[in-house]
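Biologist: I have a new model open and would like to learn how to read it. Could we walk through a few features together?

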Amino acid sequence: MSAVWRASRAAVKRRRLQTFVIGLVVLCSTTTILLGLGLLTAASTPFDKAFAQQHGAHTVAAFDPVKASGARLARTAERPGVEAAAGPFGQAFLDMPEDWLWMSAGSLSVVGRADPDGPVDRIRLLEGRWATAPGEIVVNWPADGTPGPGRLGTRLKARGAPTLTVVGFATSMSKSAGAWVSPEQMARLHPSTVQMLYRFTDAATDRELRTGLTTATAGLPAGSLTTAQSYLALKRAFSAQADAYLPFMTLFGVLGLLVSVLIVGNVVSGAVVSGHRHIGVLKSLGFTPNQVVTVYLTMVSVPAVIGCAVGTLIGNAVAGPLLRVAFSGIETGSASVGISWWPSVLCLVGMPALVVVAALIPAVRAHRLPAAQAITAGTAPRTGRGLRVQRRLGGTRLPRAVSLGLGQPFARPGRSLLTMAAIVLGVTTVTLTTGLTSTMVAYGDAGKSDGAARVDVQTGSPAGGGTTARPSDRQTEQLLRSLPGADQVTARALTKVSLTGYTQTVFANFYRGDTQDLASEIVEGHWPTGAGEAAAGPAFLDQHGLSVGDRVTLRLNGRQTPVTIVGELMEGNAQALDSNWRTLTRLAPATRATEYTVRLARGADDQRYITAVEAADPGLRPALLGSDDAATTTVVGFASVFTVLLTVVAALGVFNTVLLNVRERCRDLGMLKSIGMTPRQVVVMTVSSVAALGLTGGVLGVPLGIVAHRLVVDHVGVVSFPESMKQVWHFPHLAALVLAGVTIAVLGALFPARSAARLTIAKVLHNE
């Protein structure tokens with residue numbers, strides 16, 4: 001075994017370039033696959049684990065207490081298919097007139113529970129204690145971590161309700177309520193609905209959940225069920241943004257795997273062909289055929305293991321920042337988002353195994369090669385492959401160096417196909433990245449194509465807590481328009497509203513003023529301009545089962561109004577919809593604007609405008625809006641880095657192929673030089689031998705890249721790209737991408753071509 005190891009180590013040292021190529025491509029592939037698997041596990045495992053620990057409710061249902069009594073609802077827990085149930089709990093919606101703690105004004109869903117435990121939806125207490133007496137309330141904390149004890153004791157004053165003191169903070173993976181009080185306190189709040197929490201024996205799909213709920217509520221009076229919330233919708237909301245990264249991460253991972261297989265197979269096949277004499281020497285020294293195969297498998301396993309280990313370390317280091325971007329702004333509750341351990345183990349074991357399998361087929365050739373035949377093999381190919389093609393090319397008007405070069409790939413068709421496949425994947429990756437970059441840049445510039453600066457102005461009390469009355473919204477808007485440099489002003493009011501038919505409250509943005517920039521983000525329908533109109537992003541529509549043209553009813557401050565979804569936004573918060581001031585007037589006419597967005601005229605001094613706002617009204621807090629393009633930067637940055645690496649690897653694959661061809665054709669090169677071929681003609685011949693492969697790879701790779709780009713942009717759930725952002729291809733652009741294959745081939749062939757040009761006739765004869 002020591003002899004096998006020494007021979008393998010010598011092979012690794014002798015083929016440093018091939019060793020580097022294998023290690024680099026395995027490193028890139030491992031990093032990409034690890035990130036993809038990490039995102040996949042983070043998008044599901046943390047939610048499932050926390051949901052199971054808290055015995056989350058598969059369905060949170062609300063009933064009309066007038067139509068269904070508490071006793072009848074309690075008996076639904078005994079229905080077939082119900083694994084466990086909790087309730088009935090009284091539920092009321094409090095109208096918060098102003099911002100409180102970290103929440104905006106609007107509806108607050110409150111449920112009366114005696115304790116946080118139970119068979120379903122066990123509430124996790126984060127700070128303080130549970131509400132056990134009247135006047136106490138426990139507030140839901142949606143984010144990871146804890147709010148800190150400093151906020152305990154906050155007094156909440158809802159419109160038409162007694163003052164409640166915050167005695168604790170808790171979290172529920174079921175999102176069954178925004179806050180909890182004792183049953184005694186709930187009776188004083190006059191609950192409008194009654195809540196039941198169910199866990200079903202079969203709850204893997206939406207259909208199973210609907211069937212379970214139908215069975216559980218069978219026999220109840222018609223219309224008694226008012227809302228039903230599925231845990232699958234919460235799970236999709238939890239992973240919506242992370243899922244947006246999965247398509248392109250998965251695609252790059254697959255490309256990396258394919259390139260790994262192609263490069264490893266090409267390198268080992270070339271090593272076997274060019275190492276005939278080495279194989280013969282090993283066998284003549286007593287190496288068995290299995291030991292010879294082991295030598296070649298070890299030769300590729302060493303760089304594969306090193307590349308895999310380094311790639312795993314890099315992947316784990318990059319996973320943290322990537323997960324922070326992917327889960328930014330998402331309510332995680334008690335779910336701890338992080339990369340699991342098993343993707344690392346899978347990569348560390350699977351990638352070297354894949355490399356060994358890819359190398360096994362060409363290594364078997366060394367197993368079958370007789371020692372006598374191997375040790376007497378010359379450097380030129382034994383057969384006349386490609387001679388017929390070269391004769392036909394020689395009869396054309398092409399320069400002789402070009403015709404000879406174009407015929408060389410037919411001498412080793414298997415190797416040529418592997419090389420061309422690597423070029424195809426390289427061009428596919430370049431095309432995909434180019435398209436993604438164009439789409440993401442257009443997405444990041446949406447509504448900002450004018451290049452003008454934007455200032456965000458928050459409203460509030462004057463500095464120092466003065467008693468001066470705050471100006472009206474109209475006065476503030478007029479002030480902001482009157483200051484030098486202002487071009488457009490948009491007012492926004494933010495509140496939480498209840499949607500009839502849904503348990504959870506949602507955010508609602510109400511706009512007034514210049515909404516041209518907002519209207520430019522509509523991909524279907526139109527911007528809501530009339531009363532009772534709204535628009536939402538694809539994530540909101542998907543999670544609520546809505547589409548453009550559907551109607552919902554909004555409820556706020558004891559009022560309600562029907563709203564029609566008239567437009568789909570390019571993107572949007574999964575828990576928010578947009579409307580206009582006319583709709584807000586129907587619900588809460590006294591609501592004030594919370595912020596203003598001011599678009600400055602082109603060339604205006606933003607700092608001068610900010611200073612003018614502060615001087616005009618100390619209660620306004622202006623700040624220059626920056627470009628928050630974390631997703632765009634992440635996608636474009638990762639894709640660009642991986643494309644560069646994959647392009648380099650493809651070029652190194654070409655380098656390896658040309659180098660093997662030069663070594664095999666030393667005798668031919670000597671003969672050609674002896675009859676007058678110049679070094680420049682040798683370079684042209686050698687480069688031409690792969691230029692055709694590069695052109696063919698470009699022609700095949702560009703359509704594949706276009707298809708891959710369309711697959712990625714069409715499956716980003718949190719963004720609905722308009723067709724204008726998908727149609728990023730133009731003829732000059734496509735022609736340049738086709739030439740990318742030729743560029744990859746030429747770059748890979750140039751160095752060995754120059755080495756072949758410097759090869760002397762004497763050295764060739766010496767080698768022979």
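Predicted model: local features only at pLDDT ≥ 70, side-chain atom pairs only at ≥ 80, totals over all residues.

Biologist: What secondary structure does the chain have?

Modeller: There are 25 helices and 20 strands in the chain. As for how the chain comes together, take the contacts between residues at least 6 apart in sequence: 82% of them join residues at least 24 apart.

Biologist: Let's turn to helix packing. At what angle do α13 and α22 pack?

Modeller: Helix α13 covers residues 400–407 and helix α22 covers residues 679–713; the two pack at an angle of about 40°, and their axes are 7 Å apart. Angles under 35 degrees would count as roughly parallel and 65 to 115 as roughly perpendicular, so α13 is oblique to α22. Their crossing is right-handed.

Biologist: Which residues make that contact?

Modeller: From α13 come Ala401, Val402, Leu404, Gly405 and Leu406, while α22 supplies Gln681, Val684, Met685, Ser688, Ser689 and Ala692.

Biologist: Now the aromatic rings. What describes a pair of them?

Modeller: Two quantities do: the distance of the centres and the angle of the planes. Rings pair here if their centres lie within 6.5 Å, and by this rule the count comes to 5 aromatic pairs. Trp130 and Trp180 form a tilted one, with 5.9 Å centre to centre and 40° between the planes.

Biologist: Where do Trp130 and Trp180 lie?

Modeller: Trp130 is in the loop between β4 (124–128) and β5 (136–140), and Trp180 is in strand β8 (residues 179–181), so the pair ties together parts that are 50 residues apart in sequence.

Biologist: Are Trp130 and Trp180 buried or exposed?

Modeller: Both Trp130 and Trp180 are buried.

Biologist: Which residues do ring pairs link into a cluster?

Modeller: Look at Phe47, Phe51 and Tyr231: ring pairs link these residues into a cluster.

Notes
Residues numbered from 1 in each chain as written. Heavy atoms only, no water. Axes fitted to C-alpha atoms, helices over the stretch in contact; angles between N-to-C directions. Helix = DSSP H or I, 4+ residues; strand = E, 2+ residues; numbered from the N terminus. Parallel < 35°, antiparallel > 145°, perpendicular 65-115°, else oblique. Left-handed = near helix turned anticlockwise from the far one by under 90°. Contact = heavy atoms within 4.5 Å. Phe/Tyr/Trp six-rings, centres within 6.5 Å; stacked < 30°, edge-to-face > 60°. Buried < 20%, exposed > 50% of the residue type's maximum accessible area, 1.4 Å probe, protein only.
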